[in-house]
Amino acid sequence: MSTIRSSAATRVDGSDRTHEQAAPARRAAVLGKSIGDYLIERLGQCGVRHVFGIPGDYVLSFFVKLDASPIPVIGCTREDSAGFAADAYARVNGIGAVCVTYCVGGLSLCNSIAGAYAEKSPVVVISGAPGLRERINNPLLHHKVKDFRTQYDVFRRLCVAATDLTDPANAFREIDRVLEAVVRYKRPGYIELPRDLVNLVPDSVYTPKWASPASNPDTLAEAVAEAGRRIAAARSVVIIAGVELHRFGLQEQLLALAEGAGIPITTTLLGKSVISERHPLFAGLYEGAMGREEVTRFVEGSDLVILLGAFMTDLNMGLFTANLDPGKCIYATSETLRISHHHFQDVLLGDFLRGLAAAGLKVPARPLPPRPACADAPFELEPERPVTIGRLIARLNHFLDESMVVIAEAGDALFGSTDLVIHRQTEFISPAYYTSMGFGVPAALGAMIARPDLRPLVLVGDGAFQMTGMELSTIVRRGLAPIVIVLDNKGYGTERLLHAGDFSFNDVQPWHYHRLPEVLGGGTGYEVRSEGQFDQALRSAWADPRQMSLIHAHLARDDFSDALHRLARRLRTRV
Ligand SMILES: Cc1ncc(C[n+]2csc(CCOP(=O)(O)OP(=O)(O)O)c2C)c(N)n1
Ligand SMILES: [Mg+2]
């Protein structure tokens, strides 16, 4: 029996295969397998190696099956956290999964899965449900909301594909349809599994078909030729690289094109770290008028801007202050290809990149914009000076190394870290478009389960930490060792800056965050107020890779990063 190749696993092991191709067809017929076993087998073939979640009676028999399978369950403290963990796992591993019980678990997942949809993270959601035989005469079973389809109706809206398995005869086909869409579109998919179907063996024979998307060769050739002519004719060319290059595993193709032709690369905020920020062609983070002026001028003054896998979101494009004339843009994503005002269909992003890289293009060299001052300037520690977000980031710039992954929460953790210099690809994980608070700590769990060799450095605001920071409990239980920095500015700093006035709704209870390890039964806490203390804590945390470190950094209530000041200036007029 041939098997579906794990497209996710290929990227993790560093091979040059991309995620763009869906797994190839498995032709052997399936007979005598239960629906639960089939789902587990297909998850594994798609590259899922762990499932995050919390059990419940409607999903218990499937959990028991998972427990006996090569795909262990990583139990979490809350379902939304499990969703964030699965999302980060998917970003690192190529695909992730979360498994919960009906409605009380599933509906708690909505926000995390909405974020995964918005930011293209391929997460498979599996929910238990009342058995089909239990539903006759519409009884009031526990966890039911309105009718038995309520949760399915919600997830249909949040996912690229959804199924509530109500007919054993087509269950295998439905499972494949959802998984295929998740792999192909890099968006979440939903599979609702009634509890009396888990061990049921359908009596029909099923022959899997797994369609692989392909470019139309003539359209591809025309698109590559037109783009090639424009690149060859331009005097100044720049690439804006977006997050899809990471999701589809196309970083090598990007580098082949950029290095071959000598084209400088900027990235969007969501695409930050899609290439190493130490690469000689890296020209900075492009965020329209919200970003650094030198980078904005460099991009907007170019004759030709090549946007690759970039979402035109408000935060990516500096609240739409980006000044990009479509007439001088090539805009290629997994969903669309536009060269100036010409639109092309049926051209895969990877094929387009490979075609351009093979065209032997060369563009005139030009000086790149200077890097942010804090990236290269030596950091002069001022031991007595109170910690500020700007100086904390500058210190971290000299601390990051190849083994670390930076996870930045929504809030000034994200905006401040736009000035971090990321050494490698995939090293910066953040909900930089959907910007849900609560992502950071659970994401550290997900990233470490996916890649135990990576050490997350989590930057999280005090407000966000109070939402899902208790996922540290799972981190301690599993003996994982992220370094978590709680940026304690005594409340919702971002909101404070957006609207003049001192409102108590922006305050949070000041916790003794550094004392949490005592409650959790593991890890070390550090409380820091000065640069000297921060430096010491960072060094001790780094030297202790066996357990979680929690650094509680006191900041002034009115301390904000430069990037947040720039954002607030733009946004204040709207809120
Ligand atoms: C789940 C969620 N609720 C509310 C918001 C709106 N919001 C954006 S930033 C922010 C404040 C964040 O506070 P904190 O985590 O302490 O970070 P800081 O802004 O202080 O750096 C809020 C409430 C959000 N983005 N996500
Ligand atoms: Mg705060």
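# A chat about a predicted model

Visitor: Where is Lys146 found?
Guide: Lys146 is in the loop between β4 (123–129) and α6. One thing to keep in mind from the start is that this is a predicted model.

Visitor: Is Lys146 buried or exposed?
Guide: Lys146 is exposed, and its relative accessible area is 70%.

Visitor: How many residues apart are Lys146 and Ala500, and what is the distance in space?
Guide: In sequence, 354 residues separate Lys146 and Ala500. In space they are 43 Å apart, taken from C-alpha to C-alpha.

Visitor: You mentioned α6. Which residues does α6 cover?
Guide: Helix α6 runs over residues 150–158, and Arg157 lies in it.

Visitor: And Arg157, buried or exposed?
Guide: Exposed, because the relative accessible area of Arg157 is 67% and the cut-off for exposed is over 50%.

Visitor: New topic. What coordinates the magnesium ion?
Guide: The magnesium ion (ligand 2) is coordinated by Asp462 through OD, Asn489 through OD1 and Gly491 through O. The distances are 2.0 to 2.1 Å.

Visitor: What spacing do those donors follow along the chain?
Guide: The donors of the magnesium ion (ligand 2) follow D-x26-N-x1-G.

Visitor: Are Asn489 and Gly491 buried or exposed?
Guide: Asn489 is buried, and Gly491 is buried too.

Visitor: What about ligand 1, how many residues surround it?
Guide: Ligand 1 is surrounded by 16 residues. The closest are Asp462, Gly463, Ala464, Gly493 and Thr494. Asp462 is also one of the residues coordinating the magnesium ion (ligand 2).

Visitor: Which helices supply at least two residues of that shell?
Guide: α17 (462–468) and α19 (493–498) each do. α17 gives the most to the shell around ligand 1, with 4 residues.

Visitor: How do the shell residues divide into nonpolar, polar and charged?
Guide: The shell around ligand 1 has 4 nonpolar, 9 polar and 3 charged residues.

Visitor: Which polar backbone atoms are 2.9 Å and 3.1 Å from a nitrogen atom of ligand 1?
Guide: A polar backbone atom of Thr435 is 2.9 Å from a nitrogen atom of ligand 1. For a polar backbone atom of Met437, the distance to a nitrogen atom of ligand 1 is 3.1 Å.

Visitor: And what is 2.5 Å from an oxygen atom of ligand 1?
Guide: An N or O atom in the side chain of Thr494.

Visitor: How much of ligand 1 does the protein bury?
Guide: Ligand 1 exposes 580 Å² when taken alone, and the protein buries 77% of that.

Visitor: Back to helices. How many residues of α16 are buried?
Guide: Helix α16 (residues 440–450) is mostly covered, with 11 of its 11 residues buried. Among them are Gly440, Pro442, Leu445 and Met448.

Visitor: How many disulfides does a search of the whole structure find?
Guide: The search finds 0 disulfides. Cys99 is in no disulfide, and the nearest cysteine sulfur, that of Cys76, is 12 Å away. Cys159 is in no disulfide either, and there the nearest cysteine sulfur belongs to Cys110, 9.0 Å away.

Visitor: Are Cys99 and Cys159 buried or exposed?
Guide: Cys99 counts as buried at 0% relative accessibility. Cys159 is buried with a relative accessible area of 7%.

Visitor: What is the phi of Cys103?
Guide: Cys103 has a positive phi of about 60°, although it is not a glycine. Most residues other than glycine have a negative phi. The place of Cys103 is in the loop between β3 (96–100) and α5 (110–118), and Cys103 counts as buried at 4% relative accessibility.

Visitor: And what is the phi of Ser340?
Guide: Ser340 is not a glycine, but its phi is positive, at about 55°. Ser340 lies in the loop between β12 (337–339) and β13 (342–344). At 8% relative accessibility, Ser340 counts as buried.

Visitor: Last one. Where is Glu277, and is it buried or exposed?
Guide: Glu277 is in the loop between β8 (265–267) and β9 (282–285). Glu277 is buried, because its relative accessible area is 4% and buried means under 20%. Ile265 is 12 residues from Glu277 in sequence and 9.6 Å from Glu277 in space, C-alpha to C-alpha.

How values were computed:
Residues are numbered from 1 along each chain as its sequence is written. Chains are lettered from A and ligands numbered from 1 in the order in which they are written. This is a predicted model: local features need pLDDT of at least 70, side-chain atom pairs count only at pLDDT 80 or more; totals for chains, interfaces and linings use all residues. Side-chain values use heavy atoms; hydrogens and water are left out. Donors are N, O and S atoms within 2.8 Å of the metal (3.2 Å for Na, K and Ca); water is not among the atoms, so sites may look incomplete. Buried means under 20% relative accessible area, exposed over 50%, partly exposed in between (1.4 Å probe, protein chains only). A disulfide is a pair of cysteine sulfur atoms within 2.5 Å. A residue is near a molecule or strand if one of its heavy atoms lies within 4 Å of it. A polar contact is a pair of N or O atoms within 3.5 Å; within protein, one must be able to donate a hydrogen and the other to accept it, and residues adjacent in sequence count only if both atoms are side-chain atoms. Accessible areas come from the Shrake-Rupley method with a 1.4 Å probe; for residues, only the protein chains shown count as cover. Ala, Val, Leu, Ile, Met, Phe, Trp, Tyr, Cys and Pro count as nonpolar, Asp, Glu, Lys and Arg as charged, and the others, Gly among them, as polar.
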